Amino acid sequence: MTTFHDYWLKGEDEAHVHEAMAAAGLGLLPAEESSYDPIGTIWVPGPDVDPDGNPIPVPLPGWHANLRLRDKMTFPQRSALESILIPQPQHPVRVWAGADE
Amino acid sequence: MTRSIYSLWPWKPEECTATMEPDVVSGLTATASGSTTINLVWDADTTAAPNEATSYAITRSSDGVTYTQIATVTAPAVSYSDTSLSAGQTRWYQVIAENCADIANASTAASATTQASTPTAAWTLDFSSGSFSGATLTRASSGTYVDSSGYVASASTDVARLTHNSSGTRLGLLVEEQRANTLQFSEDPSNAYYTKTNSSIDNNGGSFWTSPANASDAVLLAQNTSAGVHNINRATSGTDTCFSVFLKKQTTSGVGRYATLIIRRVSTEYYHATFDLDQGTVTQSAVVGTAITATDRGIEDYGNGWYRCWVRGTQASASHTLYVSLATSGSPTMTSTGESYTGANTTAGVYIWGLMREANNTAPTSYIETPSSASVTRSADLAHVLDSAITSWGDPGALVIHFYPPGQAGTLLSTDDVANEQLGIQASTTTAARAFWSSGSTATGTIGTGVQKAVHYWNGTASSFCINGGTVQTGTNNITTFGNIDYVTFGAEATSSTTGYSQYANCIIRYIAFYSGTLSSSDLQTITT
């Protein structure tokens, strides 16, 4: 099975993430070389409920994305992404299919 | 008109009782059958005795002027098959009635043209059998498909998904865009992630039931004896939603046979569809309120009693709740959370497995398991073949694709766009398809059910499109340097060599071929029939 290299991104907003990726040259990778999953804003149940009693979702800070590369990120790429690269979440909101296989 | 008859005529034997020739043959028709045969039929002889026809001379012409006898048919037979022809030949025929006294005048001529020979593809990819070869497919995650036993199975990264129907019959190559299942614990409805209302999850004493994946991991959504709705539900967020779930009947009537899926915004705004899990049909669906639009629903047979049921729609507000609700009939009296009734016992319900919500308002894509408290993304299939691998690639040429009706509007097949010259075949909706090229497209043709066959033919200045042998449509294209094409993409559109793939049709591709050289409209119809 092919080995991939996974990265977790979190920026202030979508534009921030895309600008950093472009600066790293990751916005122009051939599709076969990368897979990008824009998760966006993460919503969680909030303290308030709607008239039917369902919790009203509230957004968490930040704009999230997952990035999967066939080749390990180079040092210049990693440097360009420094402002949005985050450690692997302990409880990720989104994973790639088969990640646990 | 000249005619050469090689019978010895007239010659009247002593026993001949006829005194004059039979009536002229009437009602002659000629019909082509395949590429080598033309069948002749004419009316039965009505000449009064003793002058009735005793035989018929069959004459044939290649120009409608000069006829030569090719056979004799003994009366009362009134048909003849000329099986000595070649593809695309037009022939004229006359039939002449004869008796022992004389010969009648020739019948009115009838003509037919044998079918043209089927053009031969220079290059083919057949995904309907065998292993995947001759093309490149990558996918940066695993993905599910239906295996040759009819079960939901998982293909590892970069492995082509050659999928089947529930009977295990190969359908073809599954090509889908990137999608995520935003529900968690998709095969564990007992998890507290899901809210159960007047219902419980029965796991068969820990033994579970066999799921569509042929694993012991399906459970029963069972009612309780309370009055009210009986459902499992989960709040979620997002505007576009496709909610799908695998369900199986427990009984053949009442609760255990029917289930309702609901996309609910609030108590006055929801969309619901009820499914008969005995017959595999949608028995009722409706939109309540105005908040949920562009709705649709469906049910698909997964074998062994399992059905994948789904509803989809778009809503302006982000938050909504998805329900699987038990029902007593196929036309329950609905509330926004299901039918309200009093459960007769705590054992009736429907088997349930594989809950999935996609943030897209299209038909569901292949199932994505979410084994934990995270949603899961299946990466896109990237499928293509290099032009250098395609025999005789160039102008004029034709790309043919056999496919099943796609899951969403998109591109079924396309070339890349080097020098801004691109062509391909799109499904403009799930019921129509067309050819497209850099500067335009044809009008649409109709997609039916089952295997669809479409062709895009170009000759450097014009494109033609035909689907399922229908009317050939044409348009002027700007393809002048087609040799610059690098590869042909399946099931999507490669917008450039660097920015990736788009316009996925989420479809199953059965066969792809390239025809080199000049093709007529008749050829295009023949190769798509």
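In which strand of chain B is the place of B:Ala494? B:Ala494 sits in strand β45, which covers residues 493–496. Strands here are DSSP runs of E with at least two residues, helices are DSSP runs of H or I with at least four, and both are numbered from the N terminus. B:Ala494 counts as buried because its relative accessibility is 0%; buried means under 20% relative accessible area, exposed means over 50%, and partly exposed lies in between (1.4 Å probe, protein chains only).

Before we go on, note that this is a predicted model, in which local features need pLDDT of at least 70, side-chain atom pairs count only at pLDDT 80 or more, and totals for chains, interfaces and linings use all residues. Residues are numbered from 1 along each chain as its sequence is written, chains are lettered from A and ligands numbered from 1 in the order in which they are written, and side-chain values use heavy atoms, with hydrogens and water left out.

Let's turn to chain A. Chain A has two helices and seven strands, and from the N terminus on they follow the order β-α-β-β-β-β-α-β-β. The C-alpha trace of chain A spans about 50 × 30 × 25 Å along its principal axes. Of the 101 residues in chain A, 38% are buried. A:Glu19, in helix α1 (residues 14–23), counts as exposed because its relative accessibility is 55%.

Now for the charged pairs. The structure holds 14 salt bridges over all chains, where a salt bridge is a side-chain nitrogen of Lys or Arg within 4 Å of a carboxyl oxygen of Asp or Glu. One of them brings together the side chains of B:Asp158 and A:Arg70, at 2.6 Å from N to O. B:Asp158 lies in the loop between β12 (152–155) and β13 (162–164) of chain B, and A:Arg70 in the loop between β5 (63–69) and α2 (75–80) of chain A, so this pair joins two chains. A:Arg70 is buried, at 18% relative accessibility.

Within chain B, B:Arg378 forms a salt bridge with B:Glu176, their closest N and O atoms being 3.5 Å apart. This pair links distant parts of the chain: B:Arg378 is in strand β33 (residues 375–378), while B:Glu176 is in the loop between β14 (170–175) and β15 (179–181), 202 residues apart. Both B:Arg378 and B:Glu176 are buried.

Another salt bridge connects B:Glu177 with B:Arg179, with the closest N and O atoms 2.8 Å apart. B:Glu177 is buried at 17% relative accessibility, and B:Arg179 is buried at 2%.
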